[in-house]
Amino acid sequence: YCFALIIAMFALAFLISRPLFFKMAAKPFEYRKVTRDFKRKNKKTNSFLSAVKAQALLILRTSDDLFALMGCAVAMPILILLLNRIFAAMSTKALGDYMTACFNMLIILLVALASNTKIASIYSREGAAAYLNKTRPNEYRTNLIAKLVPNAVVITISIITSVSIFAGFSTLNVVGRIFFSLTAIVTYLMHLLWCAETDVMNPQTSHYATTGDHPNNPNETKSTITMFIVSFAVFLVGLFLSVEDVRISWIKVGLVCIALFAYRIWSYLSKIKYFYKEK
């Protein structure tokens, strides 16, 4: 019975497939189309937003960059929550409260600044296509700054979320919390611009153009080293000023960081103007 069934199915398939094939081959249905009078206006998008969107799509399509960025963004609030739950279970004195705030700042900065390792090679990784930053019709600053925006937005949101979690456990007043948050955000952005500037000053384009990767990129190594230096510097200064006067400690640290950030903006814009602007 099985053998007869196989022969019957084979014959049936043969008898059906042949006429179906010839019918499909003789009928040019792929050339038939219905013409529709459908018009859509071209949407003009700001050149800066277009460049930001292009960089965001590039990150989404590059698994290494996406996992590195989202790993830092997600890990930061989780670490802050766990850290403060541990501290909340302890009975601390005034010095312990000061150190708790400073340790929160240290963890936030270490995670946030770790995400800037990729920024230290963001222009060089374009390889042979790096010259497009000069040849595109829009302004050179638009192309260069737009590449930094997706990382800056994601990590800034993560920092705000982490500080909000810390605020639920902290004894700092409202002004102190605001400047605590500003200190973390401005320090992160300052380090981000420094990493981007390092890549401008010491490009590794040739390595990425030939091999597509650079496992020993000196700019990324510098970024990692400065991550620890900057994080512990803010931690120690914040702790010293908190012991001296906790009410205005983070206001002082925040104002100093804002001043340094203003200088870093000027330095970054000056360097890219020198290297990218066509005379």
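The protein chain here has 11 helices and 0 strands. This is a predicted model, so please keep that in mind as I go through the features. Read along the sequence, the pattern is α-α-α-α-α-α-α-α-α-α-α. Of the 279 residues of the chain, 37% count as buried. On contacts: among those between residues at least 6 apart in sequence, 82% join residues at least 24 apart.

Helix α7 covers residues 149–167 and helix α8 covers residues 174–201. Their axes are 10 Å apart, and the packing angle is about 155°. Angles over 145 degrees count as roughly antiparallel, and α7 and α8 are therefore described that way. Their crossing is right-handed.

Which residues of α7 meet α8? On the α7 side they include Ile 155, Ile 159, Ile 160, Val 163 and Phe 166. On the α8 side, Phe 180, Ala 184, Ile 185, Tyr 188 and Leu 192 are among them. The residues of this contact divide into 13 nonpolar, 3 polar and 1 charged.

Is Ser 231 buried or exposed? Its relative accessibility is 0%, and buried means under 20%, so Ser 231 counts as buried. The side chain of Ser 231 reaches the backbone oxygen of Met 227, at 2.7 Å. Leaving aside neighbours within four places in sequence, Ser 231 is in contact with Leu 106, Leu 109, Leu 110 and Leu 113.

That is what I have for today.

Notes:
Residues are numbered from 1 along each chain as its sequence is written. This is a predicted model: local features need pLDDT of at least 70, side-chain atom pairs count only at pLDDT 80 or more; totals for chains, interfaces and linings use all residues. Side-chain values use heavy atoms; hydrogens and water are left out. Axes are lines fitted to C-alpha atoms, for helices over the stretch in contact, and angles run from 0 to 180 degrees between N-to-C directions. Helices (H or I, at least four residues) and strands (E, at least two) are DSSP runs, numbered from the N terminus. Angles under 35 degrees count as roughly parallel, over 145 as roughly antiparallel, 65 to 115 as roughly perpendicular and the rest as oblique. A crossing is left-handed if the near helix is turned anticlockwise from the far one by less than a right angle, and right-handed if clockwise. Contact means heavy atoms within 4.5 Å. Ala, Val, Leu, Ile, Met, Phe, Trp, Tyr, Cys and Pro count as nonpolar, Asp, Glu, Lys and Arg as charged, and the others, Gly among them, as polar. Buried means under 20% relative accessible area, exposed over 50%, partly exposed in between (1.4 Å probe, protein chains only). A polar contact is a pair of N or O atoms within 3.5 Å; within protein, one must be able to donate a hydrogen and the other to accept it, and residues adjacent in sequence count only if both atoms are side-chain atoms.
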